[in-house]
Amino acid sequence: MLAVLDLAASDARTTEDIFTGVSQSMPLGRVFGGQVLAQSIIAAERTISEGRTVHSMHGYFLRPGDASSGITFAVDRIHDGRSFSTRRTQAFQEGVPIFSMIASFQDEGPGVEHQAPYPDGIPGPDELPDIESHLKGLHPMSKRMFTDRPVELRHVPSPIYLTVDGERRPSQAVWVKVRRPIPDTPAIHRAALAYLSDLTIQESILRAHGIAWATRGLKVASLDHAMWWHRAGRADEWMLYAQESPSARGGRGLATGRIYSADGALLASVAQEVMVRIPEPDASTG
């Protein structure tokens, strides 16, 4: 993960700043959305003066990316004000955009403060089984999709990879962190938080309807993603990602989430709209 977030500056010169990056190898060959999102933030932040940090982003996933090909990031310096800066980052493969984002950066300053309360009744990560205990009987190659990634997850009440257990409701919570310690650089932790934010947020939509990821013919694709960073936190320490879906219709579902540190500080808020297509029952099979 750290390697793909370490973008290279390009010798190419246009009216925009150009950076290049690579992708993590993925079992299905498609670029993970959270990766290109995090890379786009890193690219934009490279053009920002020191001390001004990202506080919000809004992006659209335009095309599926190819994990075996490099990615070019073009950053447009839209505006630099006294306290805020705005950047547009577009990620390209083969000359066409796969992701487009606008992000805003701000100098830290004093102001009013409050936050949504930490959820009650959530067991801690040490009280929950690790991911491998939910993958028994799965083919070793399929297990790699979960065990080889740089993130550790623990679901409340349980994952929906193979089945959806318990009550069908449009909400869940997930403990999440990067598996190993990462450098103390705050920009890396902000980008890593963006990377993590695209994991599992779609599941509140699926859980509401008892749909497991293993459902034959299921098609899920992230359409857009919005994120607001509220407070500094460490992505390599356990965080609680509380998720819910307020609506789904017309083949689209909206999912929202709040990311808290283990000691209760609200680190970030997330919203994502997702395309969900369920295969129609085959009437010929009865």
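**View 1. Helix 4 is mostly covered, with 11 of its 12 residues buried.** Buried here means under 20% relative accessible area, with exposed over 50% and partly exposed in between, using a 1.4 Å probe and protein chains only. Among the buried ones are His189, Arg190 and Tyr195. The helix runs over residues 186-197 and reaches 17 Å from its first C-alpha to its last, close to the 16 Å expected at 1.5 Å a residue; that expectation is 1.5 Å times one less than the number of residues. Helices (H or I, at least four residues) and strands (E, at least two) are DSSP runs, numbered from the N terminus.

A quick note on the model: it's predicted, so local features need pLDDT of at least 70 and side-chain atom pairs count only at pLDDT 80 or more, while totals for chains, interfaces and linings use all residues. Residues are numbered from 1 along each chain as its sequence is written, and side-chain values use heavy atoms, with hydrogens and water left out.

**View 2. Phe61 and Phe99 make a tilted aromatic pair.** Rings of Phe, Tyr and Trp (its six-membered ring) pair if their centres lie within 6.5 Å; planes under 30 degrees apart are stacked, over 60 edge-to-face, and the rest tilted. That rule gives 3 aromatic pairs. For Phe61 and Phe99, it's 5.0 Å centre to centre with 40° between the planes. Phe61 comes from strand 3 (residues 52-61) and Phe99 from strand 6 (residues 96-107), so the pair links distant parts of the chain, 38 residues apart. Both Phe61 and Phe99 are buried.

**View 3. Tyr118 and Tyr260 meet edge-to-face.** Their ring centres are 5.4 Å apart, with the planes at 85°. Tyr118 sits in the loop between strand 6 and helix 3 (140-147), and Tyr260 in strand 11 (residues 252-261), so the pair ties together parts 142 residues apart in sequence. Tyr118 is partly exposed at 26% relative accessibility, whereas Tyr260 is buried at 1%.

View 4. At 0% relative accessibility, Ser40 counts as buried. Leaving aside residues up to four places away in sequence, Ser40 touches Phe73, Thr89, Ala91, Phe99 and Met101, where contact means heavy atoms within 4.5 Å.

**View 5. Strand 10 (residues 239-249) pairs antiparallel with strand 8 (residues 171-178) over 6 bridges.** Two strands pair if DSSP finds at least two bridges between them. Val174 has Tyr241 as its bridge partner in strand 10. Strand 10 also pairs antiparallel with strand 11, over 9 bridges. In their hairpin, with 2 residues between the strands, Gly250 takes a positive phi near 65°.
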